Amino acid sequence: MKNSFIWFCRIAVGLLFIFSGLIKANDPLGFSYKLEEYFEVFHIMFLNGFALTIAVLLCTLEMVLGFALLIGVRAVKVAWGLLLLIIFFGFLTFYSAFFKVVQTCGCFGDAIPLTPWQSFSKDMILLLLVLVPFINRKKIQPIFKPKTADKWLIGAAVVALGFGIYTYNFMPIIDFLPYKIGANIPDEMKIPPGVQLDEFEVTYNLKNKKTGETKTMSDKEYLKTNIWKDANWEVVGNPESRLVKKGFEPKIRDLSIQDGQGNDYTKELLSNPFYSLVIVAHDLDKTNAEAINRLNALAINATENYNIRTVLLTSNSAQSAEAFAKAHKLVTEIFYADGVPLKEMVRANPGVLLLKNGTIINKWHYHTVPTYDGLVKKYFQKQ
């Protein structure tokens, strides 16, 4: 019975670590954004330049340790590695939950979004499971001979690392983000009538100017008691807002596209009944310049020959974007949006969306954008 329980924990822990690493390695760029949030919380922003490398290596480590536990290779070191890793993850999720800083931990990427307390609970359960093979680490027997097991381990490390590098360079294998192929952006932004929205409670801190007495009351009490009419009472500091009940939330809630003067073009761009070629470069200072030049040539041909509307979306300032456009002789219209939705649209800088009636017909990393002839044959000739 004891051996069976050890095997159960060994398999459960191994598969969970492989699954967790694989999900994050499917979108290493997205995981690196999450790491940057943690770097900001702990004031170690100097690591931002290494976020992507750390993300790929951390995903690889999770998958390799999980696989090593399953086949029983180097059990003592693997058990220590798993224990230290889950303690580290547990600390991060507890810190996020208790201090309300990073509100989605990214444990399972965007595939299974968890609240910080859910993530912490998951980590504590996983810690209990990890403790079983850790306590019995010297009793774990490999299922292969040592040399064969090492070869399997090296092979697993190569595959895990290669997977993360591949998805970074060619986009996620499975897109769990709201801007996936086939999604209609306006529909994803809608709030159906009659649905329950988020319910908040606002707390006021009050002080009596004459007596010095202080009170704390909710917004409902504040209005019900008519204390706001009494000139002797004043609100101290900023009211505190607390989420009481979670309601409906559209998949896309923060997309606003504007021109350089601040005019809103979201509806116009997303209601175009013809093809639009949208180049997304959330940070022009770090974008691949060679790719931008290739995409600009593609835009010139598409516009001249098929009257395709071509747009550059960025989060840079208008002054910075205009200087960039002048330097690269861009022919595209330039619009602006917040960096967060732009990073979600396509995991590349730059990336390309092909839109029609607000629906994402296809999207590409700059490494995989089809040739002009390929786009013509598959799309432009048929519109």
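Biologist: How many disulfides does a search of the whole structure find?

Modeller: This is a predicted model, in which local features need pLDDT of at least 70, side-chain atom pairs count only at pLDDT 80 or more, and totals for chains, interfaces and linings use all residues. With a disulfide defined as a pair of cysteine sulfur atoms within 2.5 Å, the number found by a search of the whole structure is zero.

Biologist: Does Cys9 count as buried or exposed?

Modeller: A residue is called buried under 20% relative accessible area, exposed over 50%, and partly exposed in between, using a 1.4 Å probe and protein chains only. The relative accessibility of Cys9 is 0%, so Cys9 counts as buried.

Biologist: What distance separates the end C-alpha atoms of helix α6?

Modeller: Helices are DSSP runs of H or I with at least four residues, and strands are runs of E with at least two, numbered from the N terminus. The expected span of a helix is 1.5 Å times one less than its number of residues. Helix α6 (residues 146-170) has 25 residues and should therefore span 36 Å, which agrees with the distance between its end C-alpha atoms, 36 Å.

Biologist: Which residue takes a positive phi just after α6?

Modeller: Within α6 itself, the buried residues include Ala149, Leu153, Ala156 and Ala160, and what covers the buried residues of α6 includes α1, α2, α3 and β9. Just after α6, a positive phi of about 75 degrees is taken by Met171.

Biologist: What volume does the largest cavity have?

Modeller: On a 1 Å grid over the protein atoms alone, a cavity is a set of points where a 1.4 Å probe fits but cannot get out, and lining residues have an atom within 4 Å of a point. Grid points are joined across faces, edges and corners, and a volume is the space filled by probe spheres set on the points. The structure holds two cavities of 30 Å³ or more, and the volume of the largest is about 100 Å³.

Biologist: Which element gives the largest share of the lining of the largest cavity?

Modeller: The largest cavity is lined by 13 residues, with Ile257, Leu269, Leu270, Val278 and Leu355 nearest its centre. The elements that give two or more residues to this lining are α9, β5, β6 and β8. The largest share, three residues, comes from β6.

How values were computed
Residues are numbered from 1 along each chain as its sequence is written. Side-chain values use heavy atoms; hydrogens and water are left out. On a 1 Å grid over the protein atoms alone, a cavity is a set of points where a 1.4 Å probe fits but cannot get out, and a pocket is an open set with protein on both sides within 12 Å along at least five of seven lines; lining residues have an atom within 4 Å of a point. Contact means heavy atoms within 4.5 Å.
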